[in-house]
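Please look through the sequence and the three-dimensional structure shown below before reading on.

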Amino acid sequence: MTATLKFVGVAQDYPSKRAADDRNRDFREIADRFAPAKADEQSGRCSQCGVPYCSVHCPLHNHIPDWLRLTAEGRLREAYELSNATSTMPEICGRICPQDRLCEGNCVIEFSGHGSVTIGSVEKYITDTAWEEGWVEPLVPGRARGQSVGVIGAGPAGLTTAEYLRVAGYEVHVYDRHDRAGGLLTYGIPGFKLEKHVVTRRVERLKAGGIVFHEGFEVGRDATLDELRSRHDAILIATGVYKPRAIKAPGVGSTGVVDALDYLITSNRKSFGDQVAAWDDGSLNAAGKDVVVIGGGDTAMDCVRTAVRQGAKSVKCLYRRDRANMPGSQREVANAEEEGVEFVWLAAPEAFDAAAEGHVAGVRVTKMRLGAPDASGRRAPEPDPGSEETLNADLVIKALGFDPEDLPGMFGAPELGVNRWGTLRVDSKSMMTSLDGVFAAGDIVRGASLVVWAIRDGRDASDRMHAWLRAKAKAAKVAA
């Protein structure tokens, strides 16, 4: 009997989650991984369709039906090798990629009413097993080419590019402003979605392969962009977008109204055992507080679920649209609701009330209604007069997304061109910026926060840089 096509007789099943009361006490991942038989069973539900929409809608175009079939047949090492062929971090994508909007959301059997194949959970299981069994091979540098590359940013785009270029034989140096590599994987995403040893072992593999990391290094402070260009044959900028979007409302400057990333970084630093003053003095610690998080994306979900684990008195999520129109993962909303988060739909902050000492005490909220669709295709929110209320709040976390930083100013490189949105101006084919030999990848090109897009852009950037560096070396040889 075939190992697949069992979706009619076998129901969809995800790895079991720990009870909410249990998982609210720690930052461990909330779900167990599949046992081998269960992974085989769920992989066997794949319909092996002629046009695999799961692969089409995966930014990495992973060979999903193929490694599902191999898993169903018990050929797990081959399944890992195939999943690893298109992704440098399959176990990370399996944990945090929004499968409900990408591969699983476009699964053919999902459309037929049988429930999609649990692709992400299988991907996580395959690669975790590969690490345990020693199938993840060391990074082996290619034949030395005599050229070096500097990578600015140690997030998923930078790490992916660094790996591919090191395998191609280049000397690679990675510069990052944080004291640990990984970018948002390390400091932005909470442990209950991505335990930190999963990131650390990837970084250690790169270091063991000869990639040199310069941590705590700020371009513009420790060296200008021009100085880095003089050290390397090519530069990749993979810094992401980190400038928090602002709220314009009275009282927004009150103590206790904080940015999401500051809050999450503080929490993740504590998970590493760091001494963090903002945690110790309570300013970025939700313990015992009434917490209001403003926003409806995945960052907002990270914040509300972190606040629960820190022992908040209450946690509310304020979002100006309804549940159907929110940008964040519906699975994350469900997890948050199970953990005790209250969602206040169709509501927007009008003002922030402060106590006598200037600390926030409440959020004045205006109810909203949905009007005609806006440029994004979602129905635009508009105020519903006469429906104001006030929510108690000791800590307000702003999670409205991010905009690009002023990289030309930060890097001391005014000639570095930007577009009207403030992201780097990049040639669509070469991925090169306005400066010769300076490329860009990841969020800085796409303006998206999805890790899987950053990995794809890093892979694409490595291809473009490799071609350019080879041409540069050939031209130098001819000139000599």
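## Terms and basis

A residue is called buried when its relative accessible area is under 20%, exposed when that value is over 50%, and partly exposed in between, with a 1.4 Å probe and with protein chains only. By this rule Met431 is buried, because its relative accessible area is 8%.

The model is predicted, so that local features need pLDDT of at least 70 and side-chain atom pairs count only at pLDDT 80 or more, whereas totals for chains, interfaces and linings use all residues. Residues are numbered from 1 along each chain as its sequence is written, and side-chain values use heavy atoms, with hydrogens and water left out.

## Two residues with a positive phi

Met431 has a positive phi of about 65 degrees although it is not a glycine, and Met431 is found in the loop between α17 (407-410) and β15 (438-440). The names of such elements follow DSSP runs numbered from the N terminus, where helices (H or I) have at least four residues and strands (E) at least two.

His61 is likewise not a glycine, yet it has a positive phi of about 50 degrees, and its place is the loop between α3 and α4 (64-72). His61 counts as partly exposed, because its relative accessibility is 42%.

## Helix α9

Helix α9 covers residues 156-167, and at 1.5 Å a residue its twelve residues should span 16 Å, which agrees with the 17 Å between its end C-alpha atoms. The expected span is 1.5 Å times one less than the number of residues in the helix. Is this helix largely enclosed or largely open? Ten of the twelve residues of α9 are buried, so the helix is largely enclosed by the rest of the structure; among the buried residues are Pro156, Leu159, Glu163 and Arg166.

Val167 also lies in helix α9, but Val167 is partly exposed, with a relative accessible area of 42%. The C-alpha atoms of Val167 and Cys46, which are 121 residues apart along the chain, are separated by 34 Å. Just after α9, Gly169 takes a positive phi of about 105 degrees.

## Helix α15

For helix α15 (residues 298-309), the twelve residues should span 16 Å at 1.5 Å a residue, and the end C-alpha atoms are 17 Å apart, which agrees. Ten of the twelve residues of α15 are buried, so α15 is largely enclosed by the rest of the structure. The buried residues of α15 include Ala300, Asp302, Cys303 and Arg309. After α15 comes Gly311, whose phi is positive, near 90 degrees.

## Aromatic rings

How many aromatic pairs does a search of the whole structure find? The search finds five aromatic pairs, where rings of Phe, Tyr and Trp (its six-membered ring) pair if their centres lie within 6.5 Å, and planes under 30 degrees apart count as stacked, over 60 as edge-to-face and the rest as tilted. One of them is the tilted pair of Tyr175 and Phe217, with 4.8 Å centre to centre and 55 degrees between the planes. Tyr175 lies in strand β2 (residues 171-176) and Phe217 in the loop between β3 (212-215) and α12 (225-231), so the pair ties together parts that are 42 residues apart in sequence. Both Tyr175 and Phe217 are buried.

Tyr187 and Phe272 form an edge-to-face pair, with 6.1 Å centre to centre and 70 degrees between the planes. This pair links distant parts of the chain, 85 residues apart, since Tyr187 is in helix α10 (residues 184-187) and Phe272 is in the loop between α13 (260-271) and α14 (277-280). Tyr187 is buried, with a relative accessible area of 1%, whereas Phe272 counts as partly exposed at 27% relative accessibility.

A charge sits over a ring if NZ of Lys or CZ of Arg is within 6 Å of the ring centre and within 35 degrees of the ring normal. Arg180 lies over the face of Phe272, at 4.0 Å from the ring centre, and Arg177 lies over the face of Tyr242, at 5.0 Å from the ring centre.

## A residue of helix α8

Trp131 has its place in helix α8 (residues 119-133) and is partly exposed, with a relative accessible area of 22%. The C-alpha atoms of Trp131 and Ala476, 345 residues apart along the chain, are separated by 42 Å.
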